[in-house]
Amino acid sequence: MTMLDTRHDQAAEAEASAPATSATTSPAPATSPAPTEAPVLTMAAAINRALADAMAEDDSVLVFGEDVGALGGVFRVTDGLTERFGERRCFDTPLAESGIVGTAIGMAMNGMRPVVEMQFDAFAYPAFEQIVSHAAKMANRTRGAVRLPMVIRIPFGGGIGGVEHHCDSSEAYYAHTPGLTVVAPATPQDAYSLLRAAIRHPDPVVFLEPKKLYWSKAPVDTSIEAEIGRARVVREGTDATLIAYGTSVGVALDAATVAESEGRSIAVVDVRTLTPCDDETLFAAVRATGRAVVVAEAPGFASVASELAARIGEHCFPYLEAPVRRVTGFDTPFAPPKLERHYLPDVDRVLDAIDSLNWED
Amino acid sequence: MISEDLLPRETPVRLVDEHGEAVSDPQYPAPDTGRLVEAYRALVQGRRVNEQCSALVRQGRLAVYPSSHGQEACQVAAALALRDGDWLFPTYRDSVAVIARGVDPAQALVLLRGDWHSGYDPNDFNVAPQATPLATQLLHAVGFAHAAALRGEPTVVLAMCGDGATSEGDFHEALNFAAVFHVPVVFFVQNNEFAISVPLSRQTAAPSLAHKAIGYGMPGERVDGNDVAALLAVLDRAVSRARSGEGPSLIEAHTYRMQAHTNADDDTRYRERDEVQAWISRDPLVRVQAYLRGAGAIDDTAEAGFAADAEVVAQQLREAMNSDPELDPEDLFRYVYASRTPQLENEWAMLRDELSRTEPATEEAR
């Protein structure tokens, strides 16, 4: 009971600390007719649209979790779904993460396509066993006879001033687990298109939603289809390549813009799918520039950033002018709100890393 | 208001006593004799499977076998209480239930031989893979049943676990979800008194495991786990309750694990021989045998037939387990994702290259 109250308080706090524009922006109602022009949506609204469109298209798609019904989710991502599709398709569960994922596994075994919400990243840990020992392994255990087409949506990362247990970057735990597909969009368009692809996917997908970007806005063309497992070159450049995912893509882009004003041409690649990783796109981008920096919020030790840096080192070594650098969160628990700005990788830290790449000038 | 009918009996339901005498019960009529004969036949087979598998472990043919010797009545009743379209969610100790449900005995043992994690296609038999971590499969069972209920299908799911599993968080979450969503699940706990070496008194302070049900708002019942007639009667009622939309229930069967947890366990370190000996007289096979003999439902000829049938299964198991099927190392990469990732393609290429250098004969034969 107190836990539930705390969560609500934190969600309210999280919303209060969002950029000013978000306070007046509510997600587009799921029932609005499809516009002819690509509508400008927040990422939260884009995810909401993806859920609604998937549910409208396929009766077997179900949405459940904590507070996803009447409240519409603490981030309002599931707003209006119960109203539109009824309580059989979008429903609140008892407050129990293992129960949510465990029952979703059983539902997927029996022909449903559940999309479940873990309210905050660090609250997903009670479900960890169900995710890594069962969701990830069911197809393997049964030699492919039982597949689990299910999506576990997890709001992840910092930048919203959340208090403890509300801002973990837990992607490495999932990316380390064979059998899981791990996706992290960085734009409303990708959030829409990748979630649609994740719901269609035959295997369990951990879908990481960067909390800080829930209120970011961009046009979303619902006819664009995305392929899981494909990275995206966001910005071309010739001198160095920044590799990032989720909220860090924006930091990398900002750093690239500043670097350009200082005379360096920096490419930016958005990884988008952490597993399976699109080595081809990453390696091509790094080989073209000869220098690479990986940017991510999670602690650097044994992280996705480490893995990307190691893969680039192994496969691109002859092309590299400098060791691959990582700019990550510190190897500390996620910072309290008032120290968060010191913890999170920022533009300056990325620029420093770029400067360290053995330039001849 | 606390509903009395959610509480289990003071003593476990029993329909046939230790001497094979019928015990009448106002609530639970005895299953008809034909059904009990069928159950006895399955018990004889189950006992033979347990003995054969234990022998196969000693011969090094199985990596491990958690025997259900002494618990065969629970195993058989779990399988016989379900209809064709229903589903069973078993644990690692429930191989006899899995076989009684129709899974090919050799396929059922693939997990314990170490060839692969589960040896059968669950959809062919409506039997989920045997679960090793405790209580996790109870949640899968609840989700499975919930999906069926949402589609209006008459499926009932029977989920099995042991006394140790009732201490796990997932046990609580599964019962709670099932009751809240009113799903057609029967939770069937085989209380065999020990979780490896730890006795029931260290798992719970509740009056019985069945008493936990009232806390979730579902009925709980205790049943003599060595009385196949009582087990069938109690499970039948729970299954038909679930099928008619009345929601889940919790059944606790009181039984005893006659052998060690597995071959890796030394049960003389945690329980007295006298205690084990005392349970021999409560053997589930002897009890129903005496009852059916007394009723004139079986005779020497019938018994010989049952024994012969069981021997056929044992022989199939021996033949299957004494052969060494050649395992395909590519299987390591085949079933991780629906489509193999580029990384897994590369890793398989690496292993293939290793094999071509270190196991040329195998490679040529391929």
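A:Ala302 counts as exposed, at 58% relative accessibility, because this value is over the 50% cut-off. In this predicted model, A:Ala302 lies in the loop between E13 and H12 of chain A and has a positive phi, near 55 degrees, although it is a residue other than glycine. Strand E13 (292-299) and helix H12 (304-316), both of chain A, each give two or more residues to the lining of the largest pocket.

**Backbone geometry**

- Most residues other than glycine have a negative phi, and most peptide bonds are trans.
- A positive phi of about 75 degrees is found in B:Ala135, which is not a glycine.
- The position of B:Ala135 is the loop between helix H6 (122-125) and helix H7 (136-150) of chain B.
- B:Ala135 counts as buried because its relative accessibility, 1%, is under the 20% cut-off.
- The peptide bond that joins A:Thr275 and A:Pro276 is cis, with omega at about -5 degrees.
- A:Pro276 belongs to the loop between E12 and H11 of chain A.

**Overall form of chain A**

- Chain A contains 14 helices and 14 strands.
- Its radius of gyration is 20 Å, close to the 21 Å given by the globule rule for 361 residues, so chain A is as compact as a globular protein of that length.
- The C-alpha trace of chain A spans about 65 × 50 × 45 Å along its principal axes.
- Of the 361 residues in chain A, 61% are buried.
- Where contacts in chain A join residues at least 6 apart in sequence, 81% of them link residues at least 24 apart.
- Chain A has an accessible surface of about 13800 Å², and carbon and sulfur atoms account for 53% of this area.

**Largest pocket**

- The largest pocket holds about 870 Å³ of space.
- Its lining comprises 35 residues, and those closest to the pocket centre are A:Ala172, A:Ala175, A:His176, A:Thr177 and A:Thr275.
- Two or more lining residues come from each of helix H8 (171-175), strand E12 (273-275), strand E13 and helix H12 of chain A, and from helix H15 (342-358) of chain B.
- By class, the lining of the largest pocket has 21 nonpolar, nine polar and five charged residues.

**Second largest pocket**

- The volume of the second largest pocket is about 420 Å³.
- Among the 23 residues that line it, A:Ile228, A:Gly229, A:Pro276, B:Thr341 and B:Pro342 are the closest to the centre.
- A:Pro276 is also a partner in the cis peptide bond with A:Thr275, and A:Thr275 is one of the residues closest to the centre of the largest pocket.
- Helix H11 (279-289) of chain A and H15 of chain B each contribute at least two residues to the lining of the second largest pocket.
- H15 of chain B gives the most to this lining, with three residues.
- The lining of the second largest pocket divides into nine nonpolar, seven polar and seven charged residues.

**Cavities**

- There are six cavities of 30 Å³ or more.
- Residues that line the largest cavity include A:Phe156, A:Glu171, A:Pro210, A:Tyr245 and A:Glu297.
- The lining of the largest cavity is made up of four nonpolar, four polar and two charged residues.
- The second largest cavity has about 40 Å³.
- Residues from chains A and B line the second largest cavity, among them A:Met109, A:His134, A:Arg141, B:Phe89, B:Gln137 and B:His140.
- Helix H7 (138-141) of chain A and H7 of chain B each supply at least two residues of this lining.
- By class, the lining of the second largest cavity has six nonpolar residues, three polar and one charged.

- A:Asn140 counts as buried because its relative accessibility of 15% is under the 20% cut-off.
- With neighbours within four places in sequence left aside, A:Asn140 is in contact with B:Trp116, B:His117, B:Leu332, B:Tyr335 and B:Val336.
- Between A:Asn140 and A:Tyr173, the separation is 33 residues in sequence and 19 Å in space, taken C-alpha to C-alpha.

Terms used:
Residues numbered from 1 in each chain as written. Chains lettered and ligands numbered in written order. Predicted model: local features only at pLDDT ≥ 70, side-chain atom pairs only at ≥ 80, totals over all residues. Heavy atoms only, no water. 1 Å grid on protein atoms, 1.4 Å probe; cavity = no way out; pocket = protein on both sides within 12 Å on 5 of 7 lines; lining within 4 Å. Points joined across faces, edges and corners; volume = space filled by probe spheres on them. Helix = DSSP H or I, 4+ residues; strand = E, 2+ residues; numbered from the N terminus. Nonpolar A, V, L, I, M, F, W, Y, C, P; charged D, E, K, R; others polar. Rg over C-alpha atoms; globule rule 2.2 N^0.38 Å. Buried < 20%, exposed > 50% of the residue type's maximum accessible area, 1.4 Å probe, protein only. Contact = heavy atoms within 4.5 Å. Areas by Shrake-Rupley, 256 points an atom, 1.4 Å probe, with all protein chains shown as cover.
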